[in-house]
Amino acid sequence: MSDYIVLVKQVPDVTQITDNAFDPKTGTLIRSRLASVINNLDAQALAFANQMRRDSSDQHSKIIALTMGPPMAEEILRYSLSRCADTVVLLTDKALGGADTVATANPLAFAIRKIAVEILKNDNDYYVVCGMQSVDGDTAQVPPQIAEELALPCITYVTKAEFKNNRFEFTRIVSGGSQVVAAKKLPAVITVAKYEYPVFATFTATRQANRAEIVRQTSDDINASHIGVTGSKTSVIRVFPPGKSSRKCQQLSDVNSLAKAIVENFKSDNGESGQAGKTQAARYILPAKRASLFDRSFEGTKKEQEDYDILTSQLRELGINKISQIDPATKEKILATADQHFHKKTLEDMLNGLQLTEPTFRGEVWVVAEHTDGAVHPATFELIGKARDLADSLETKVGACLAGCNVGPMATELIAAGADNIYIIEDKLLSISDPAVHRKAVADCISTYWPQIVLFAATPWGRVLAPMVSYRVSCGLTADCTGLDIRDSSRKGEIGLLLQTRPALGGNVMATICTKNSRSQMATARPGVMKRLPPDQSRVGKVIRHKPKISNEDSTLEIIKTELGTGDVNFNADVIVSGGRGVQNRDNYDQFVGALCDSLSKKLETEVEKGASRAAVEQGFAERMHQVGQTGTSVRPKLYIALGISGAIQHMISVANTKTIVAINSDPNAPIFKQCDYYIVGTAEEIVPQLVEVLKEE
Ligand SMILES: Cc1cc2nc3c(=O)[nH]c(=O)nc-3n(C[C@H](O)[C@H](O)[C@H](O)COP(=O)(O)OP(=O)(O)OC[C@H]3O[C@@H](n4cnc5c(N)ncnc54)[C@H](O)[C@@H]3O)c2cc1C
């Protein structure tokens, strides 16, 4: 019977941020000022593994908790022992610090191998159980990359496990619905998206946990191939505070003001709010095409920018506009004046950088297309829009990698959306959504053509495929980017780098990341963040067929059941009224969402559509096709009304481009109140009937 290796991580407690946790100068969060706790999703994974052990009625199966971290991470191992772990392993070594996801997944995979041999005595019947993601990194990349290193099946976003016919069947979240799957072979990696039944510690278990022995491993013990900063394939180049929400977040105290705000905002046409209102940055131009030698689109620290400005103003003063004009005497002159600002080495680096005009990376800009039942995922079109922009800056082509069975007909749409070359990989084995088969096919195609940039949608599918593919082709990957720009680096003379900007630490800071030690720069971007271009049917593209080396042995998952939403929903309506778990039941959903849709449609003389949160769909209040969100549909109406919706990122990201967001919620601290334009505190039962009455009045 199965054993369980549960991965746990110690993280800063981002739910308890005090004012002094922010650096007053930079406005960024100082991690060391936050308390350390077990990553909540890992605590859920631990409880989930415990439930799996119970369901399989196996008294002898073991739960081993493994963490990689500083010596103080021992605390979360004792937490695990006091709940349900039998053995705990601490992988700790200074050399492991500063790691990105590759340099985290790699040593953890090596540690798992060692545990399998030494503790599980080579019994391969085990699951590696992980939380979906950690609150500090938020990437969800480590578990799929561990699966890739160990060549194991990977089942992500699991919400339920059922023990049937002597094996586990897992329900996982997929784009547009859910799916029941089983691993064809063990060991397997699973990531837990949500589990609401925590295990509590008893007094006796806590005492025993405090005395128990912790198995310790160091970097030398595991002999991993990628560790620490040197083994990482990405580096953080800038951390900065997130921009303030452009939403008004205005509380309204009565239903009359709410009705007035709804009607007035709907009728006023003063541009778009949210993401869509952002001004466009100037397009990057390759150095060889720029008017002046000094006209560089540099990215670097504040000091590096200042150094560069000093250097260029000096060069201008000396009348230099060609690198060949800089002789040793000129260098000395510059150094003499700029002495207090930078060292000779810095000057040499900057001058060397100025000599370079060719891009550091070569090749096309690719998007890995996602599709279901012959329909391309909207996020793919958005990414092609972004890829077009990046490729035009870099003077290269946009490629789309389209893997599946009978996918050819989708090529025309991808070309109309902005792609130049469509790389089609067709095989019967690709007809099912097993990331193990797809990752092999896509990685094979990438390493044949080597695009310089590869983008994936940060959907449940893209968030498992991208980490596996990038790990397989030894490239860095940045998850969930909200910004992708091209810049040069001021010190290193790197030209045309992809700057990947994303939120971190639960959205409390923003980080800009660059790829290193890789042939391709890879990123995932959240659906709804990039903008789709209007389709141009006159565009002409090329179809290139790629034959991957895949076989039945690559298939790791059995798909038992898929439930996807289908039907007719007009999410292009001007107004969407969505109900969440807070509406309590199906009758309330029909009554309140329905009544508000009818009265708004009459009052505003427009089409109004019903939406729902994932939780409302899972509770059976609404059909799957009405789901708004990361795994439902991204919408951008003029007016979005959220009834009893808390404001989880997976929901809000898909309404970010809405002009006006109105929230009705009974919790005065509901997170949605910080992400909307107008809100009223109250229950749906109390507010909606009054609002409907007021809207009926002239
Ligand atoms: C991979 C992945 C993909 C996901 N995709 C999506 C997605 O596409 N869409 C999506 O929505 N979610 C998605 N989720 C789930 C998401 O994280 C949240 O769990 C979900 O959005 C919560 O829905 P909710 O706000 O309706 O429920 P809850 O978070 O439970 O919030 C209910 C809210 O109702 C309020 N409330 C309670 N009673 C009342 C009342 N009587 N009147 C008014 N308010 C009341 C409460 O205060 C609370 O704020 C995804 C999660 C994962 C892991």
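A residue is buried if its relative accessible area is under 20%, exposed if over 50%, and partly exposed in between, with a 1.4 Å probe and protein chains only. This is a predicted model, in which local features need pLDDT of at least 70 and side-chain atom pairs count only at pLDDT 80 or more, while totals for chains, interfaces and linings use all residues. Residues are numbered from 1 along each chain as its sequence is written, and side-chain values use heavy atoms, with hydrogens and water left out.

**Strand S20**

- Five of the five residues of strand S20 (453-457) are buried; strands are DSSP E runs of at least two residues, helices H or I runs of at least four, numbered from the N terminus.
- In a regular strand, side chains alternate between the two faces of the sheet.
- On one side of S20, Ile-453, Leu-455 and Ala-457 are buried, and on the other Val-454 and Phe-456 are buried.

**Strand pairing (at least two DSSP bridges)**

- S20 runs parallel to strand S15 (365-368), joined by three bridges, with Val-365 opposite Ile-453.
- S20 also pairs in the parallel sense with strand S25 (521-525) over five bridges, and here Ile-453 stands opposite Gln-521.

**Ligand**

- The ligand is surrounded by 30 residues, each with a heavy atom within 4 Å of it.
- Ligand oxygen atoms lie 2.7 Å from a side-chain N or O atom of Gln-650, 2.8 Å from a polar side-chain atom of His-651 and 2.9 Å from a polar backbone atom of Arg-614.
- Helices H17 (614-618), H18 (649-652) and H19 (684-696) each give two or more residues to the shell.

Conventions:
A polar contact is a pair of N or O atoms within 3.5 Å; within protein, one must be able to donate a hydrogen and the other to accept it, and residues adjacent in sequence count only if both atoms are side-chain atoms.
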